Each structure stands twice: as structure tokens, then as C-alpha cells.
Amino acid sequence: IQTRDEDPSLFVGTWSSGGDLGTAREWLFGSGTQTEGFVAGGRTTPGDNSGNTGKTEKYDGSSWSESGDLSAGRNQGVAYGTDSAGVASGGYTTTLVTTTEEFGGSSWTSGGALNTARRLFAGAGSQTAGVVYGGSAAPGSTGATETYDGSSYTEVSDLNQARESVGG
């Protein structure tokens, strides 16, 4: 057994640079793998929700390409799944939304709405077996947890403590 002190290379990794997004934005959401990822939404004008975008871009491991956009611009939502079977839910336009859309690789279609409108929450899973939890909901943080079966969200047991800006 070697320790880090004996061979530091055992604990050193490197990041490599991939292509830049086509559209710079903040508060976007995405999912996928290193070679099959996607991002959607966000806002192009910091601090200004009139700059919300529905733009979607896919990543192939080296570059980004634009794909079909969300039906409406929003930021601070959640995404999970892959670049050919993804889900985007919730977020913020000028108000919290329950909107869910399913991504088939080139376009988005309407999906089952969230039960709790929110932003700054997390999600994981696939288009037919997903889970979302936490977030910011009116009037504050929530512990709401919902599962998605490919057509609708179902409320399940809440997190033991309400929280926002969570990861998944």
C-alpha cells in the first residue's frame, strides 16, 4: 500500500479543456455524461429575468452544439437523464413554475408538472425513473421530494430538513 506522501501521483488528476458553450449564461441546468451531456435554460443577462432563455446545447465530449430549445425561457431549474432522454423541471421566469419538459435529443415535449413549484433544487435519475428534492419555494426553502415515472410526479416523503441550492 502506498500513501499520498510516497506517491503523490496516486491522488493527482488533471482537467482538460473542452469546447465553450455557444451561449454564455448563468443559472442554467443540465445533466448527462462526459460524452453525452446537455444544458438548458438560464439567463443571458445577469440579474435580469427578462434575459431568460430556453436555449439547449448538447455536449459530445469535445464540443457543444445547439439543439431544440425549451418551450419558454427559465433559470434555476433542474435537469436529469441523458442527452437523448432527459427531463427539465421547475425553475423561475418571473415567478416559480411547475413546468416539466422531456428531451428526446433534438426537441422538448411537455411532461407532467411538478406538485411544488420551486427553483434551486436537485434531481437525479432517468426520464422514466427520476427524483427531485429540496429547493426554494414560496415562501422559503422546501424539503419536498417527488418522483417522476415518465408521465407524472408523485409526492413522497420530504427531506428531513428543508434546504435549497442542493446538488444531485
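**Briefing: strands, aromatic contacts and a buried glycine**

F38, F103 and W108 form one aromatic cluster; rings of Phe, Tyr and Trp (its six-membered ring) pair if their centres lie within 6.5 Å. The model is predicted: local features need pLDDT of at least 70, side-chain atom pairs count only at pLDDT 80 or more, and totals for chains, interfaces and linings use all residues. Residues are numbered from 1 along each chain as its sequence is written, and side-chain values use heavy atoms, with hydrogens and water left out.

**Aromatic rings**

- The structure holds 5 aromatic pairs. Among them, Y148 and Y153 form a tilted pair, with 4.5 Å centre to centre and 40 degrees between the planes; planes under 30 degrees apart count as stacked, over 60 as edge-to-face and the rest as tilted.
- Y148 is buried at 2% relative accessibility, and Y153 is buried at 6% (buried means under 20% relative accessible area, exposed over 50%, partly exposed in between, with a 1.4 Å probe and protein chains only).
- The charged end of R119 sits over the ring of Y92, 4.4 Å from its centre; the criterion is NZ of Lys or CZ of Arg within 6 Å of the ring centre and within 35 degrees of the ring normal.

**The open sheet**

- Four strands, in the order β9-β10-β13-β14, form an open sheet with antiparallel pairing. Strands are DSSP runs (E, at least two residues) numbered from the N terminus, and two of them pair if DSSP finds at least two bridges between them.
- Because β9 (122-126) and β14 (153-156) each have a single partner strand, they stand at the edges, and one side of each is left without a neighbour in the sheet.
- The twist averages 20 degrees from one strand to the next, where axes are lines fitted to C-alpha atoms and angles run from 0 to 180 degrees between N-to-C directions.
- Strands β10 (residues 129-133) and β13 (residues 145-148) are antiparallel and share 4 bridges; G130 has Y148 of β13 as its bridge partner.

**Strands β2, β3 and β4**

- Antiparallel pairing over 4 bridges joins β2 (residues 37-40) to β3 (residues 56-59), and F38 has K58 of β3 as its bridge partner.
- Strands β3 and β4 also run antiparallel, joined by 4 bridges, with K58 opposite S65 in β4.
- The hairpin of β3 and β4 has 4 residues between the strands, and G61 there takes a positive phi near 105 degrees.

**Glycine 77**

- G77 lies in the loop between β4 (64-67) and β5 (78-81) and is buried, with a relative accessible area of 11%.
- Not counting residues up to four places away in sequence, G77 touches F29, S89, G90, G91 and F121 (contact means heavy atoms within 4.5 Å).
- The C-alpha atoms of G77 and T99 are 9.5 Å apart, with 22 residues separating the two along the chain.
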